[in-house]
Amino acid sequence: MIKLLTPYPALLTTENNEKMVVVADLHIGWEVSLAEEGVHVPSQTAKLQRKLSEIIKKVKPKKILFLGDIKHTIAKAEVEEWRDVPQLFENIAEDVNEIMVIPGNHDGNLEPLLPENVKILPITGIKVGDTGFFHGHTWPSPELLACKNLVIGHLHPVVVFRDPLGFRITTQVWVEAKCDGLELARALLRRLRIKIEEGVAETFKEKFGVTPRVDKLFIMPAFNDFLGGQPMNMSSICKEEKYQEFIGPIMRSGAVNVGEAEVYMLDGTYLGRIDQLRMLT
């Protein structure tokens, strides 16, 4: 079961009566990159900490899963990250039994920053019940395609509106999209250079021991609401070459029906389908 924890950019899963909270894209230390451009913003890590503590107090989960991009610098760790990342994890460790991290593309050199009790999982993701979780910048493990649902972060999805006076309004959103499991399996087989013999499902079953069942893809909003985002209602999201590397292999695969994806604000308000919202940009 997947439940959006409105009004927070977090979701809840329950497996064997154990609750697990999932959040993505904290980007701790992003303020450093702004300072290098001459814009000085105080550290927002305490705000992230308070928001996490509110969620944990309200939901009382046994586990918390961080779905990538804990920190902001990609291949190294800044001084601020050495200070803020351990502090945040040590604080939440007092309130949950297990903390897990699936590294994202910004999480180079992350392990030395984490307390020893934090479990670092493969970047190819994990399966919890009938849902597969991974950051979204890489392919998931083939075993995750046996799930009905996939959940990713990475894109920081937002929608953009313009009113009649030309003012631009941007808001964070959840995205729920149909995903063709067979087409996704076909793309992964192609990526792995595996020849399709009798059929996609049969070849996938033979090579990996699972049958592709993916039906839906959920894209999580960034937990750090100071970050920019990818406007999902821009027609260029999956078409222009400059976006292709950024959006990740799942979105590039052709298996995700972006136009008919349904969009929800953080408070649960249903905004409509992406192809409808494109008319408002």
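Here are legends for a few close-up views of this predicted model. Residues are counted from 1 along each chain as its sequence is written, and side-chain values use heavy atoms, leaving out hydrogens and water. Local features need pLDDT of at least 70 and side-chain atom pairs pLDDT 80 or more, while totals for chains, interfaces and linings use all residues.

**View 1. Lys63 and Glu98 meet in a salt bridge.** Their side chains come to 4.0 Å, N to O (a salt bridge is a side-chain nitrogen of Lys or Arg within 4 Å of a carboxyl oxygen of Asp or Glu). Lys63 sits in strand β4 and Glu98 in strand β5, so the pair ties together parts 35 residues apart in sequence (strands are DSSP runs of E, at least two residues; helices are runs of H or I, at least four). Lys63 is partly exposed, at 24% relative accessibility (buried is under 20%, exposed over 50%, partly exposed in between, with a 1.4 Å probe and protein chains only).

**View 2. Glu98 also pairs with Lys119.** This salt bridge spans 3.0 Å, N to O. It links strand β5 to strand β6, with the two residues 21 apart. Lys119 is partly exposed, at 41%.

**View 3. Glu183 and Arg186 form a salt bridge at 3.6 Å, N to O.** Both belong to helix α4 (residues 181-191), and because they are three residues apart, about one helical turn separates them. Glu183 is partly exposed at 26%, and so is Arg186 at 33%.

**View 4. Glu202 lies in helix α5.** That helix covers residues 200-208. With 44% relative accessibility, Glu202 is partly exposed.
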